[in-house]
Amino acid sequence: ITTKINMRSQIRKPIKTIFNALKPNVNNYQSARLLTVDASNAVNKLRSAVEQFRLANYSQELPSRCKKEIVHAADMNKDGLIDEYELEKVLHNIGATNSLTKQDRKNILFELGDDSTASDNRAISVAEMFKII
């Protein structure tokens with residue numbers, strides 16, 4: 001009888017650990033941003049352009065390496081933010097100038113950009129850029 005009790009307690013412990021791991025951590029919880037249809041389409045176009053570039057130039061590398069290098073190159077002035085000019089330059093560098101229109105770039109920056117930047121020259125953080133591509 002004691003053997004069965006010990007086995008049950010050993011079985012329950014991993015299950016509790018699994019359930020605790022599934023609980024959201026309130027301190028690190030971030031809500032997902034809801035995007036308009038236009039911004040969502042623009043983000044999908046950007047992802048597609050980056051993926052095409054990755055397949056053509058980084059096919060033997062991890063996808064994250066390509067994305068890190070793109071984001072690192074996009075932040076030209078190393079201020080941690082990517083503005084419209086920097087986004088346009090990175091699109092040019094990966095051969096995707098025609099993939100996103102100026103309005104697409106503005107939609108991405110307006111909806112995902114930092115609120116502390118000027119409304120006419122919004123910028124997206126490097127971390128947020130890495131998340132969306």
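**Salt bridges and helices**

Q: Is Glu84 counted as buried or exposed?
A: Glu84 has a relative accessibility of 15%, so it counts as buried (buried is under 20% relative accessible area, exposed over 50%, partly exposed in between, with a 1.4 Å probe and protein chains only).

Q: What sort of model is this?
A: The model is predicted: local features need pLDDT of at least 70 and side-chain atom pairs pLDDT 80 or more, while totals for chains, interfaces and linings use all residues. Residues are numbered from 1 along each chain as its sequence is written, and side-chain values use heavy atoms, without hydrogens and water.

Q: Back to Glu84, then. Which residue is its salt-bridge partner?
A: The partner is Lys106, and the closest N and O atoms of the two residues are 3.7 Å apart (a salt bridge is a side-chain nitrogen of Lys or Arg within 4 Å of a carboxyl oxygen of Asp or Glu). This pair links distant parts of the chain, since Glu84 lies in helix H4 (residues 84-93) and Lys106 in helix H5 (residues 102-112), 22 residues apart.

Q: And why is Lys106 called partly exposed?
A: Lys106 is called partly exposed because its relative accessible area is 36%.

Q: How many salt bridges does the structure hold?
A: The structure holds 5 salt bridges. One of them joins Arg54 to Glu51, with 2.7 Å between the closest N and O atoms.

Q: Where do Arg54 and Glu51 lie?
A: Both Arg54 and Glu51 belong to helix H2, at a separation of 3 residues, about one turn of the helix. Arg54 counts as buried because its relative accessibility is 12%, whereas Glu51, at 30%, counts as partly exposed.

Q: What does H2 meet in H3?
A: Val50, Phe53 and Arg54 in H2 meet Pro63, Cys66, Lys67 and Ile70 in H3 (contact means heavy atoms within 4.5 Å).

Q: Which residues form a network of salt bridges?
A: Glu61, Arg65 and Glu69 are linked in such a network.

Q: Are Arg65 and Glu69 buried or partly exposed?
A: Arg65 counts as partly exposed, with a relative accessibility of 41%. Glu69 also counts as partly exposed, at 33%.

Definitions and conventions. Helix = DSSP H or I, 4+ residues; strand = E, 2+ residues; numbered from the N terminus.
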